[in-house]
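This briefing is intended for readers who have the sequence and the coordinates at hand.

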Amino acid sequence: MRKTLFLFIAAFLYSVAAVCQFPERIIKVTPQEALNVAVKACSDNKSQYDYFISETSVEKDNSLFHAVFVDKKPGAGWEHPCAYVYVKTSRLSSETTPYHIVEEATHPKGTIKMRPIRVHDRYGSNSKFKPRVAKLNANAGEKNSFSGNTYAVILSGGLNMESNEERYWNDCSFIYQTLRNRYDVPKNNIKVIMSDGTDPSEDMKNNNGEYVSSPLDLDYDGIADIEYAATKENVKNVLKSLCAKLTDKDHLLLYVIDHGGYDPQVKQSYICLWNEEKLYPGELNEWLSTGDAGYINILMGQCHSGGFVKALKGNNRIVATACSEDELSYGCEELPFDEFVYHWTSALNGFDAEGNQVTAQTDTLPTGALKPVTMIKAFEYANEHDMYTGGKFPYAEETPCLSYLKNSTAEKLALDTIPPTVDLCITDYTRRFIYASPYIWIRNQNDGRQNQRTEAPIVNEEHPYVYLYTKIYNRGVKPYSGEGQNLGFCWTKSSFVITIDMWKGFMNERYDEVNNNEIYGNTITTQRIKDIINPGDTIISERKHYFGGNDFDVASSEGFTMCVLAYLTKHTNRCDVPITDEGYADLFHSDKLAQNNIQIHAGKELSDSCKAVTLYNRFDKISNFSIRLLSTESSRRLLSKAEVNLNFPSSLVSSFNETQQAMDSVRMDVNITGRMRLLGSKSVIRKVQMRPQEAVPVYLTCNFNADSDNDTPETYDLDFVVVDNRTGKEVGGQRFRIKENERPAIDATLNKRQTDLGYETLSVVDCSEDVQYEWFDKDGKLVGTGSSITVPAGTDTSEYTVRITSKSDGAVIYRKSKVGGTKIIDTVTPSADYVKVSLKEKSDGPLSLQLSSTTSSMPVQSCDIAPGSTSCTMHVQNFSNGVYQMSLLKDGKVIDTRKFIK
C-alpha cells in the first residue's frame with residue numbers, strides 16, 4: 001500500500017514538473033483540418049459529398065469557428081439534407097480533436113459566405129459556358145403568326161445568395177433566348193422575376209465559387225430583361241395583372257426554375273422565393289385563374305415540383321414537372337444547367353445550348369429543326385433524355401410528371417401554334433381505316449343512341465326515311481356553348497371511290513344515262529348544333545332524313561346501300577367539305593369529316609350477287625387502280641372460315657393477269673369470269689384498268705363452311721382500300737360487314753360405284769337440306785352439276801370434288817373422292833404375226849383397241865372388240881421389233897393401257 005501511494009505521488013510531481021517545463025500552447029486549426037473533422041463527423045467514407053468553408057471565422061457561443069457546409073446531395077436543387085459542421089479555429093496543444101458542433105439543415109443559410117474546399121468538378125472547362133440561341137432567319141421559314149399571342153413569365157426564386165447558383169441563370173437565359181430568337185415573342189410579352197431583381201448587390205454564386213450580381217441581360221442585346229425581385233408580392237402582382245388581360249386566343253407560359261421544398265406541416269410542396277419566402281400551390285393557382293387565357297402552360301424544374309400538379313391541373317392547362325412530389329431535381333453532369341428543363345428547352349429550340357440539332361431515340365420530335373414542336377413532344381423528349389429517369393443514374397432519380405387533357409387540342413399547343421380552345425370533331429382521322437367511321441351510323445328506327453351500329457337501310461313507300469346519328473366530340477379545352485357550328489350530310493350509293501361531285505349530287509344528270517345508275521348522290525341540309533358540349537365530352541346528334549323524287553327511286557331500289565359523309569361547318573346550308581387535289585373528300589387530314597361506307601351482308605345475301613359497290617374512274621383517261629384487303633384480326637378469322645370472292649364485270653377481266661404478278665393471295669376462278677377468290681388477309685389485285693369515266697358494279701360473295709354446327713355466329717369486317725397506281729395514294733375504301741348465321745351442319749355422304757366397264761358414278765346421298773351441287777376435276781374445272789356424276793375410271797387415279805351449297809344461305813361443304821386406277825386389260829401376248837389381248841371382264845358395249853409404237857413412227861392400228869367378248873387378236877406381221885402401247889377405248893375415251901415389247 002505504501003509503495004503504491006509513493007508511485008502515485010511521484011507521477012503527479014513529474015507531471016507538474018513537465019507542465020512547468022513545457023507551457024500549454026494555442027494552435028490554429030487549418031481549413032484542411034476543419035474539412036477532415038467535417039468528413040468524419042458526416043461519415044462520408046465514400047467521398048460523395050461536396051464541402052464549402054466559410055470565408056471568415058464565425059462566432060458561435062462566444063467562440064470562433066470554421067463553418068464547414070456539407071452538401072449531401074451534390075447536383076440536386078434545394079431543399080434536401082445537408083449539414084453545418086462548426087470547427088473551432090484554434091485548439092490547445094494538448095487537445096487531439098478540435099471542438100466541433102454539427103447542425104443538420106435543409107439548405108444553405110445564405111448568411112455566411114462560403115468558398116469551395118472539396119467539391120466535385122462537375123463542369124470542368126464548361127464552368128463558364130453560356131447558352132447562345134441564334135436568331136431565326138426570317139427567310140428560312142414562315143413567320144410565327146402566334147408570337148404576339150404568346151406570353152411568358154420566367155420565375156427563378158433563388159432562395160438566398162448561397163443557394164442561387166449560376167446554372168439557374170443559364171436555364172432562364174436559354175428559355176428567354178428561345179422565346180425571343182427562335183419564336184420571335186416580343187420582349188414586352190415576357191416578364192422575368194429573378195432573385196433580388198435589379199438590385200446591384202451580390203445575389204448569385206457562380207460556378208467558380210465567386211459571389212456576383214446576376215446579369216440583367218438574358219439575351220445579350222444590351223437591354224435589361226430581369227425586372228422584378230422574386231418576392232411573393234411581385235409574383236402575385238405580375239401574374240394577376242398579366243392573366244387579367246389575356247384572351248381566349250392567348251397562350252401563357254409559366255417557367256419556374258431554382259429551388260423548391262416540401263412542408264411536412266401542411267403536407268404541400270412549395271417554391272422557394274428570394275429571402276426564403278415560400279409560394280404554395282393553392283396561391284399560385286389562384287393567381288393564374290385570373291382572366292380568360294386560352295392556354296396556360298406551366299413548366300417546373302424545382303425540387304418537389306410534382307406536388308404542384310394536382311392544384312394546377314385544368315382542362316386548358318399543361319403542367320410539366322421535373323420530378324414527383326417526394327423527389328429532388330438535379331443539374332446536368334457536364335453543363336451548368338438543370339437536367340430536365342435543359343432538354344425541354346432544347347426540344348423547343350430545335351438545338352441544344354451548344355448549337356447541336358436535337359435528335360430523338362424514338363419518334364418523339366418531328367424531322368427538321370424548324371418543324372413545330374408541341375409542348376407534349378417537348379416533355380416526351382426531355383423525359384426520354386433525362387439522365388436521372390428510369391434508373392439510368394446510380395444514386396439519383398427524377399420522375400417527370402405531366403398533366404393535360406388527353407385527346408384534346410392541348411396536344412397541338414406549341415410556341416408557334418395556339419389551337420382553338422373549342423374544337424368539335426366527328427372522327428379520328430389518324431385511324432388506319434377511315435372510310436367506316438364509328439362516329440356516324442345509319443338506323444331504320446330512332447334507336448341509334450342505344451344501338452350505335454349501322455344497319456342496312458330499308459326504304460320503301462311505307463318507310464321513305466332513315467335516321468342518321470353522329471357522335472360529336474369536343475376536342476377543345478373549353479366548353480362549346482351551342483352556337484357557331486352546324487352539322488351537314490352528303491349521301492351516295494356505296495362506292496369504293498367517291499368524288500366530291502358524287503357527294504354533292506353533281507353527277508345526278510347521269511341518272512338516266514350510262515353506268516346503270518351507278519353514280520348518284522345528294523346533300524342534306526345543315527342543322528345547328530345546339531347542345532352544350534364540355535371539354536372531352538361527346539353528344540349524339542339524331543337526324544331523320546326523308547327521300548323524295550329521284551333520291552327515293554335510288555334509295556328504294558333493290559340492293560341499295562347508302563354511304564354517308566358527315567361534316568362540320570360554320571356556315572348554314574353550305575356543303576363545306578375540304579377536298580384533295582384529286583377531287584376526293586380529304587378524310588386523311590380533317591377531323592371535321594366522317595364517312596360511313598359499310599355494306600352489310602346477311603342470310604341469303606351472303607352468297608347472292610345482289611348488292612353492288614361502284615368502282616369509278618373519275619378521270620378522262622385510262623387509269624389503273626389497286627384494291628387491297630387490310631390485314632386485320634377480323635379478316636383473318638373470316639378467311640379461315642369462309643370462301644370470299646370479289647366479282648368484277650367482264651369489261652375489267654382483260655386487265656387481270658396473274659402471270660404478270662398482278663395479284664397477291666388472289667386466285668381467278670376458271671369457271672366464272674371475273675370472280676376473284678381471296679386467299680389471305682393481305683390479298684391485293686394490283687391492276688384494275690378502267691376506261692375514262694367508267695363506273696362498274698363490284699359484288700362481294702361469302703360462303704361459310706358448314707361442316708359443323710354453328711351455335712355462336714359472329715360478325716366480321718373486311719376493309720378494302722383503293723390505291724391510284726399512278727400516284728400511289730389511297731383514293732377510297734369500302735367495308736363489307738359479314739353477319740354469320742346460326743345454323744346446323746350440312747350432313748351429306750358421297751358414294752362411289754362402278755356403273756359400267758371403265759366408268760364410275762359419284763353420288764351425294766342423304767343430304768340434310770335443300771342444296772345445289774357443283775363437281776370439279778383436279779384442276780378446279782367445273783365438270784358437272786346435280787347430285788351425281790359419271791366419270792371415266794381410267795388407269796390413272798384422279799380426284800373429283802363436289803361443292804355442296806345450301807340454297808338458304810350459301811353455306812358450303814366439300815366432299816372428295818378418288819377414281820380410276822382400275823385395270824381392265826388382263827394380258828397382252830405378242831408373237832411374230834399377231835398380238836392377243838385378254839380382258840378381265842366381258843365387253844358391255846362398243847370397245848376398241850389401238851396399237852401404237854413408242855419407239856418408231858409406225859402407223860396406229862385399231863380393231864373393235866365384239867360385245868360380250870373377253871379377247872381380241874390384232875395382226876402385226878408388218879410391225880418391226882420395239883416397244884408398243886395397247887390402249888383400250890370406250891366411247892372414244894381411253895379407259896386402260898398396257899405396254900409390251902415385240
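Asp747 sits in the loop that runs between β39 (729-739) and β40 (749-756). The model is a predicted one. The points below begin with this residue and then turn to particular features of the backbone.

**Surface charge**

- Asp747 belongs to a surface patch of negative charge, in which Asp709, Asp711 and Glu742 also take part.

**A cis peptide bond**

- Trp78 and Glu79 are joined by a cis peptide bond, whose omega is near 15°.
- Glu79 itself is found in the loop between β4 (63-71) and β5 (82-88).

**Positive phi at Lys267**

- Lys267 is a residue other than glycine with a positive phi, near 55°.
- The loop between β15 (260-263) and β16 (268-272) holds Lys267.
- With a relative accessible area of 63%, Lys267 is classed as exposed.

**Positive phi at Asn573**

- Asn573 has a phi near 55°, which is likewise a positive value in a residue other than glycine.
- Asn573 is placed in the loop that links β27 (562-569) and β28 (593-596).
- The relative accessible area of Asn573 is 54%, and this residue is therefore exposed, since the cut-off for that class is over 50%.

Definitions and conventions. Residues numbered from 1 in each chain as written. Predicted model: local features only at pLDDT ≥ 70, side-chain atom pairs only at ≥ 80, totals over all residues. Heavy atoms only, no water. Patch = residues over 30% accessible without salt bridge, like charges linked within 9 Å, V, L, I, M, F, W, Y side chains within 5 Å. Areas by Shrake-Rupley, 256 points an atom, 1.4 Å probe, with all protein chains shown as cover. Salt bridge = Lys/Arg side-chain N within 4 Å of Asp/Glu carboxyl O. Lys, Arg positive; Asp, Glu negative; His and termini not counted. Charge placed at Lys NZ, Arg CZ, Asp CG, Glu CD. Helix = DSSP H or I, 4+ residues; strand = E, 2+ residues; numbered from the N terminus. Buried < 20%, exposed > 50% of the residue type's maximum accessible area, 1.4 Å probe, protein only.
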